[in-house]
Amino acid sequence: MKKIILFFLLFLPAALFCENRKADSLLKVLKTAKEDTLKVVVLRELAWEMSSSSPDTSLILSNEALRLCKTLKWQAGLSQIYHNIAWFYSIEGDYSESLKFYQNALVTLDAYEKTIPSNQQSNSFKRSIKKRKAASIGGMGLVYYYLGKHPEALDYYFKALKIFEELKDKQGMATWYGNIGNLYYSKGDRHESFGYYTKALKINQEQKNKNGISIQLCNIGLIYCDSASMLKLQHPESKQTYTALYEIALEYYFRALKLKEELGDKNGISIRLGNIGTVYYEQKEYTKAFDYYLKALKLTEEVGDKNRVAIWLASIGTLYLETKKFKEAEKYLQKSLAISEEIGSIDDIKVANEELSRLYVLTGNYKKALALYKKSIDLKDSLFNKDKNEEITRKAMNYEFDKKEDALKAEQDKKDVEAAAEKKRQRLFLILIGAIALAVAIVAIVIFRSLRVTRKQKHIIELQKNEVSRQKELVDEQQKEIIDSINYAKRLQEAILPPEEELKKYLPENFLVYKPKSIVAGDFYWMEHLDNLVFIAAADSTGHGVPGAMVSVVCSNALNRAVKEFGLREPGKILDKTRDLVLETFAKSSSDVKDGMDISLCCINTATRYMQWSGANNPLWYISNNELKEITANKQPIGKTENPSTFTTHNIQLQKGDVVYLMTDGFADQFGGPKGKKFKYKQLGELLHKISSDNFTSQKEILLKTFNDWKGTLEQVDDVTLLGIGV
């Protein structure tokens, strides 16, 4: 039977093997090879060459190599055969068999290592054994990753990475940096994954490794694509920004595709084609997306990568769902689900269930939709529950701790060796100078020891300096990353603020004092213009800095919707609807979110000078006939509160020369002055009354100088927003 199998391997699939020159050459050698270790090597290499196009054939070749290896009792080659078979099974989606063969590879390596006495093991032999162990350990991590067992996967990834770092094997380090990045990407941590992808890309570029460069370009493209999709979902009005991000993602994908085409890697080409299809899908260019998905599916089916086949089937099903072709959508999604369940890929099962649930909702089959939705939620919980995330974080921290501990141990071992050598030198020195007079000997020993202590102290000081310098660089790098992220958040927040030129256009007489406490703010100002009506507000979201800025985006969006989408014009009703929309947004969170905002909102008819106003906690001040007047706000925020009531709309007929002031509490609450106390509303009102007759540029300068003088060297306690409007 074995001879028959070998006959078919050698003669029937020759056309299949000849798709690249190396495979063709190996096939010619195999036809005439004797039953020896050379034949094992040829079978092994030929199987590896065929793995990207026909993993089934690779398994047949590898099993023949395994049989011959056992017959020859060739321990050195056995572990590599086990490792390759494990990899081919993982491509096929048979994860239990894959794990079994990876374990066999490790056991065989340990047994083989023990056959060579340690004093006869060369450095190259030890290095080879370690690299092969790291490869099989990492392979087991990949299997656990495919099974959705992320903490176990990360544990094996870090074990493999640690070995490659000890060996200073750049290519091995790059591979596992990339895989660790993939795992963090799977759990939604794009910042962490981007860091690992960048490390891997840098090493691959240094090594001029086309395959590795392509993989990391593709991974970085994923980050840009996801960022664009999230921005599109949260800020659909920022089309220019998220379109630019999609274009960057495409640039990375096409660069990655070109490299894979140069390498002739079918599996790699299919992945990049599918990724390009996903960008076109997100941009609603469905014809292009469908074309790229079909190309990806065809290549993946040729290769036999069941996991990828399930992914592209689901992608095509989702595309049909978006274009309302429900029958075709169900067909592809059911195929994807069947393959995902067959190979046990939890993530792909979850995706197929989610999309089928959405399909059944659209087609009115609510019973099926609910059942599948519950399944997808259960699977999501199994992938991303809190305990798993904590375990992943703990493993990452343990890895960093172990790395530092190993470095310290190595340093201590080195010191112990040096100390032993030094002790031996001292004994020889004492023997050589034994004949010298006792007094001279004592002086010499004292001098020698003093020099030794000085050298050690100098060495220790140098090590401490280097460590301090390294830690400073790490802190500076982390601080730069944080500042860059916050500056990006600032640009996003500035996109929701009306430019001062727009304020001048519709309200020519005005000034704006806007001083965030941090780079980004919880305070924001808002304006909308409809015919002769100008809606303008000063708002204070819960918190400041990044958390406050996030709340401000939600609140600003709610104001826009209340006016534009629901067509409301009366300030009180606008605030009622805004509160409903904010509560609706935060209700989607599993936690009890009580964030919201205080606001002063007015609507001014620029033709009649008729003003309507409503406020949540923040009052309205206006000066008419040289008298400062105040209208108090409803004592409730825009957000979750006990016993909420409707907001009151106040109607005011303004006269030419009147001045309206909208503000948050930041100016009045600032500590400073000679006694370090709050500025307070009373003093602010007196100041505004005093300067109200000045031009608006002068008013702004006086307010800024007063604020800065009052604050002095103290820290700004809150965001500050103050708007002055002349009618």
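Strands S1 and S12 (residues 720–726) run antiparallel to each other and share six bridges; Asn510 sits across from Ile725 in S12. Strands here are DSSP E runs of at least two residues and helices are H or I runs of at least four, both numbered from the N terminus, and two strands pair if DSSP finds at least two bridges between them. This is a predicted model, where local features need pLDDT of at least 70, side-chain atom pairs count only at pLDDT 80 or more, and totals for chains, interfaces and linings use all residues. Residues are numbered from 1 along each chain as its sequence is written, and side-chain values use heavy atoms, leaving out hydrogens and water.

**The sheet**
- Five strands make up an open, antiparallel sheet, ordered S1-S12-S9-S6-S7.
- At the edges are S1 (510–515) and S7 (627–631), each pairing on one side only.

**Helices on the sheet**
- Helix H25 (residues 681–691) packs on the sheet and touches S6 (620–624), S7, S9 (659–663) and S12, where contact means heavy atoms within 4.5 Å.
- Helix H26 (residues 696–711) also packs there, touching S1, S9 and S12.

**Nonpolar cores**
- A nonpolar core is a set of buried Ala, Val, Leu, Ile, Met, Phe, Trp, Tyr and Cys residues joined through side-chain atoms within 4.5 Å; buried means under 20% relative accessible area with a 1.4 Å probe, protein chains only.
- The largest core has 56 residues, and Leu217, Tyr253 and Val279 are among those touching the most other members.
- Helix H13 (residues 239–263) gives the most to this core: ten residues.
- Another core, apart from it, has 54 residues, including Val40 and Leu46.

Note on methods
Axes fitted to C-alpha atoms, helices over the stretch in contact; angles between N-to-C directions. Buried < 20%, exposed > 50% of the residue type's maximum accessible area, 1.4 Å probe, protein only.
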